[in-house]
Amino acid sequence: MSVPVWMLLGFAAWTVVLLLATVGVYRWGLILSGRVPINAFRADQVEGADRYKRAMRAHANCVENLPVFAAIVIALHIGDVGGTLVDALAVAILVARIAQSLVHAGFVQTNAVTSVRFGFFFAQIIGFLWLIGIIVARLGGSA
């Protein structure tokens, strides 16, 4: 498997690990301790500790960006586009995603923390756009 495909797999794995380690632990801790019934968690109204709300958003951010990264990696794979720069960008995207999630779920969102979190998000966007540019540059003329 290519590095971008491995990074896509890592992104998917991180999305699952984040869910289990944050949202899952919080919910099952409350359920198993008898503090709330299993049906207490409504999808349309997130209630609970601030840490839980941040974890929910961090996981949702992963779910929102996973298809974007997947589409890019699929295009790289189908177009047989690779190289050191492509590999480095794919790795950077996964590292930035994990860092963004950790900052989002792990810290109270002060202005400074939110700025750091946005920096990691912006790094991913730059990586996405750069990879798209590479794909278009290498395959744009082929049909």
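1. Helices (H or I, at least four residues) and strands (E, at least two) are taken here as DSSP runs, numbered from the N terminus. On that basis the protein chain reads α-α-α-α along its sequence, with four helices and zero strands in total.

2. This is a predicted model, in which local features need pLDDT of at least 70 and side-chain atom pairs count only at pLDDT 80 or more, whereas totals for chains, interfaces and linings use all residues. Residues are numbered from 1 along each chain as its sequence is written, and side-chain values use heavy atoms, with hydrogens and water left out.

3. Taken along the principal axes, the box filled by the C-alpha atoms of the protein chain is roughly 60 × 30 × 25 Å. Contact means heavy atoms within 4.5 Å, and of the contacts in the protein chain with a separation of 6 or more, 76% join residues 24 or more positions apart.

4. Of the 143 residues in the protein chain, 36% are buried, where buried means under 20% relative accessible area, exposed over 50%, and partly exposed in between (1.4 Å probe, protein chains only).

5. A search of the whole structure finds two salt bridges, a salt bridge being a side-chain nitrogen of Lys or Arg within 4 Å of a carboxyl oxygen of Asp or Glu. In one of them, the side chains of R54 and D50 meet at 2.5 Å, N to O; both residues lie in helix α2 (residues 50–78), four residues apart, which is about one turn of the helix. R54 is buried, at 9% relative accessible area, while D50 counts as partly exposed at 44% relative accessibility.

6. R57 forms a salt bridge with E64, and the closest N and O atoms of this pair are 3.2 Å apart. Here R57 counts as partly exposed at 39% relative accessibility, and E64 also counts as partly exposed, at 44%.

7. H104, which is found in helix α3 (residues 84–106), deserves a separate point. H104 counts as buried because its relative accessibility is 6%. Leaving aside neighbours within four places in sequence, H104 is in contact with R54, R57, A58, N61, Q109 and R117, a list that includes R54 of the bridge to D50 and R57 of the bridge to E64. The side chain of H104 also makes a polar contact with the side chain of N61 at 3.3 Å; a polar contact is a pair of N or O atoms within 3.5 Å, and within protein one must be able to donate a hydrogen and the other to accept it, with residues adjacent in sequence counting only if both atoms are side-chain atoms.
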